[in-house]
Amino acid sequence: QVQLVESGGGLVQAGGSLRLSCAASASIFSIDTMGWYRQAPGKQRELVATITRGGSTNYADSVKGRFTISRDNAKNTVYLQMNSLKPEDTAVYYCKASVLTMGAYWGQGTQVTVSS
């Protein structure tokens, strides 16, 4: 079982920045892929960004150039730096860990609200 705890959400104005953190109970180097997803009210959950064990990253088109996913292996933590935030970024952001032999694990989510 992999436990994930997100933090760093909050309320910001458009154009502002937030840094989300996801602390994992297992070595993130042993996790195949870490990712951030988000879900706005009335909408389905969507991928925001992923980072693999090897360091490859992938971003949704809507956040490219504004968001950066990174990791600190020593702290077993993955981050999502969000800059130039827009109202359409408002959602609950979830951390996801994919382990090939164990499946997928989700954090509890952290609310990000961007006011216009």
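1. Arg66, leaving aside neighbours within four places in sequence, is in contact (heavy atoms within 4.5 Å) with Gln81, Met82, Asn83, Ser84, Leu85, Lys86 and Asp89. The residue sits in the loop between strand E6 (57-59) and strand E7 (67-72). Strands, of at least two residues, and helices (H or I), of at least four, are DSSP runs numbered from the N terminus. Arg66 counts as buried because its relative accessibility is 10%; buried means under 20% relative accessible area, exposed means over 50%, and partly exposed lies in between, with a 1.4 Å probe and protein chains only. A polar atom of the Arg66 side chain lies 2.8 Å from the backbone oxygen of Ser62.

2. A word on the basis of these values. This is a predicted model, in which local features need pLDDT of at least 70 and side-chain atom pairs count only at pLDDT 80 or more, while totals for chains, interfaces and linings use all residues. Residues are numbered from 1 along each chain as its sequence is written, and side-chain values use heavy atoms, with hydrogens and water left out.

3. The secondary structure is simple to state. The protein chain has eleven strands and zero helices. Its pattern along the sequence reads β-β-β-β-β-β-β-β-β-β-β.

4. What are the overall dimensions? The C-alpha trace of the protein chain spans about 40 × 25 × 25 Å along its principal axes. The radius of gyration of the protein chain is 13 Å, which agrees with the value near 13 Å for a compact globule of 116 residues. That radius is taken over C-alpha atoms, and the globule rule is 2.2 Å times the number of residues to the power 0.38.

5. As for burial and surface, 40% of the 116 residues of the protein chain count as buried. The accessible surface of the protein chain is about 5,900 Å², and carbon and sulfur atoms hold 48% of it. Accessible areas come from the Shrake-Rupley method with a 1.4 Å probe; for residues, only the protein chains shown count as cover. Of the contacts in the protein chain between residues at least 6 apart in sequence, 53% join residues at least 24 apart.

6. The protein chain carries 11 positive and 7 negative charges, and their mean positions are 2 Å apart. Here Lys and Arg count as positive and Asp and Glu as negative, with His and the chain ends not counted. Each charge is placed at NZ of Lys, CZ of Arg, CG of Asp or CD of Glu.

7. Which residues does Tyr93 touch, not counting those up to four places away in sequence? They are Glu6, Leu20, Trp36, Tyr37, Arg38, Val48, Phe67, Leu80, Met82, Gly109, Thr110 and Val112. Tyr93 lies in strand E9 and is buried, with a relative accessible area of 0%. The side chains of Tyr93 and Arg38 are joined by a polar contact of 2.9 Å. A polar contact is a pair of N or O atoms within 3.5 Å; within protein, one must be able to donate a hydrogen and the other to accept it, and residues adjacent in sequence count only if both atoms are side-chain atoms. Pro41 is 52 residues from Tyr93 in sequence and 12 Å from it in space, C-alpha to C-alpha.

8. Two residues of strand E2 can be taken together. Gln13 lies in strand E2 (residues 10-13) and counts as exposed, since its relative accessibility is 60%. Leaving aside neighbours within four places in sequence, Gln13 is in contact with Val114 and Ser115. The C-alpha atom of Gln13 is 7.6 Å from that of Leu85, although 72 residues separate the two along the chain. Leu11 is also in strand E2, and is exposed, with a relative accessible area of 65%. From Leu11 to Asp61 the C-alpha separation is 23 Å, over 50 residues of chain.

9. The loop between E7 and strand E8 (77-82) holds Asn76. Asn76 is not a glycine, yet has a positive phi of about 50°. Ala74 is found in the loop between E7 and E8 as well; Ala74 is exposed, with a relative accessible area of 74%. The C-alpha atoms of Ala74 and Phe29 are separated by 9.3 Å, and the two residues are 45 apart along the chain.

10. Is Ser84 buried, partly exposed or exposed? Ser84 is partly exposed, with a relative accessible area of 40%. Ser84 belongs to the loop between E8 and strand E9 (91-99). Ser84, not a glycine, has a positive phi of about 50°. Ser84 is also one of the residues in contact with Arg66.
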